[in-house]
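The sequence and the structure come first.

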Amino acid sequence: MERTKWKHAYTAELGAEEKQYPEWFQKEKGRLDKELEGAGIRKCRIYIQELKGEKYLFCYTEEEGEGSDGDSLMIPGREELSWKEGRHVYEFKVHEGDDLSGLSARGIIIGVKRELLDEYVRLHDEQPQIIHDLCYANGFRRSSIYVTELSGGDLYLLQFVECKGEENPALYENETYQEWLRVTGECQTPLPGESFWKEMKLVYEFEK
C-alpha cells in the first residue's frame, strides 16, 4: 500500500518576480532539498507555464507521516511567492504490491469550463473500471488531478502523472477510451494551439 497520505498542489503567479525563476531553484537546490527532507516532504515538483501572457508556477508535493495541519506551508520559495492551494478532484487507484520505482513523471495542464467542472468531477468519481484498466495497461501508475483558479477567474486542471515505460499510442485508438476522452473533453478547454493536455516545463524536483 502506498505510504504517502497527503498530496497537495499549489499555484503562484510570478509577476515581477519572473526573472528570478527558474534559475533560482537550480541555484538553491541543495539547500531546498535539505529543508524539504527535514520537513517530512517525500516529493516536490515545480513546473512553469505561461497562460494568457502571464507566467505561473505549479507545485506538487507529497508529505510523509501525519501530514501538515494546513498552517505550515512547505514549498521552495514560500517566503518570496504567494502560493494558493488547489482543490483535489481525482486520484488514480494504486494497485497494492506494484513496483513504483523508476516511474517517469510529468505535470500537464488544461483549462476546464466553470459550468462543467462539477460534471467533470462526477465523471471521474464514477469512472468506469475499464477506463482505469486501459490507463493502467498503458503504463499509468499514479495520477492526481487538481483544479486551480487564477487571478483572472479562469479555471485550470493540473494533472501530475507518473508512468511505467513508454506510452502506447494504441490506447487512443480504443473506442471505449475515445468515448471517455469525448465526454471529459466537453468539459475542458485546451490551451491556445493545443488539442489536449499541455506538458509543463519542470524547473525543480525533489524526491526522498
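## Strand S7 and its neighbours

In this predicted model, strand S8 (residues 155-163) runs antiparallel to S7, and nine bridges join the two strands. Within this pair, Phe140 stands opposite Cys163 in S8. The hairpin that S7 and S8 form has five residues between the strands, and in it Gly153 takes a positive phi near 100 degrees. S7 also pairs with strand S5 (residues 87-91), again in the antiparallel sense, over four bridges, and here Tyr90 has Ile145 of S7 as its bridge partner. Strand S7 (residues 140-149) is largely enclosed by the rest of the structure, because nine of its ten residues are buried.

Helix H4 (residues 129-137) has as its buried residues Ile131, His132, Leu134, Cys135 and Tyr136, and what covers them includes S7 and helix H5 (175-185). One of these buried residues, Tyr136, has Arg141 lying over its face, at 3.8 Å from the ring centre. After H4 comes Gly139, whose phi is positive, near 105 degrees.

## The five-stranded sheet

An open sheet is built from five strands in the order S4-S1-S3-S2-S11, and the pairing in it is antiparallel. Its edges are strand S4 (84-85) and strand S11 (201-207), each of which pairs on one side only. Helix H2 (residues 29-38) packs on this sheet and touches S2 and S11, with its direction at about 50 degrees to that of S11. Inside the sheet, S2 and S3 are paired in the antiparallel sense over ten bridges, and the bridge partner of Cys44 in S3 is Thr61.

The loop between strand S2 (41-51) and strand S3 (54-63) contains Lys52. Most residues other than glycine have a negative phi. Lys52, however, has a positive phi, near 50 degrees. With a relative accessibility of 69%, Lys52 counts as exposed, since the cut-off for that class is over 50%.

| Strand pair | Sense | Bridges |
|---|---|---|
| S7 and S8 | antiparallel | nine bridges |
| S5 and S7 | antiparallel | four bridges |
| S2 and S3 | antiparallel | ten bridges |

## Aromatic pairs

How many aromatic pairs does the structure hold? There are ten aromatic pairs. A pair of aromatic rings is described by the distance of the centres and the angle of the planes. For Tyr56 and Phe58 the ring centres are 6.3 Å apart and the planes are at 25 degrees, so this pair is stacked, the limit for that class being under 30 degrees. Tyr56 and Phe58 are both buried. Elsewhere, ring pairs link Tyr47, Tyr60, Tyr146 and Phe160 into a cluster.

## The loop at Ser101

Ser101 belongs to the loop between S5 and strand S6 (104-112). Is Ser101 buried, partly exposed or exposed? Its relative accessible area is 43%, and Ser101 is therefore partly exposed. The side chain of Ser101 makes a polar contact of 2.6 Å with the side chain of Asp99. Ser101 and Lys164 are 63 residues apart in sequence, whereas in space their C-alpha atoms are 8.8 Å apart.

Note on methods: Residues numbered from 1 in each chain as written. Predicted model: local features only at pLDDT ≥ 70, side-chain atom pairs only at ≥ 80, totals over all residues. Heavy atoms only, no water. Phe/Tyr/Trp six-rings, centres within 6.5 Å; stacked < 30°, edge-to-face > 60°. Buried < 20%, exposed > 50% of the residue type's maximum accessible area, 1.4 Å probe, protein only. Lys NZ or Arg CZ within 6 Å of the ring centre and 35° of its normal. Pairing = 2+ DSSP bridges. Polar contact = N/O pair within 3.5 Å; in protein donor to acceptor, adjacent residues only side chain to side chain. Contact = heavy atoms within 4.5 Å. Axes fitted to C-alpha atoms, helices over the stretch in contact; angles between N-to-C directions.
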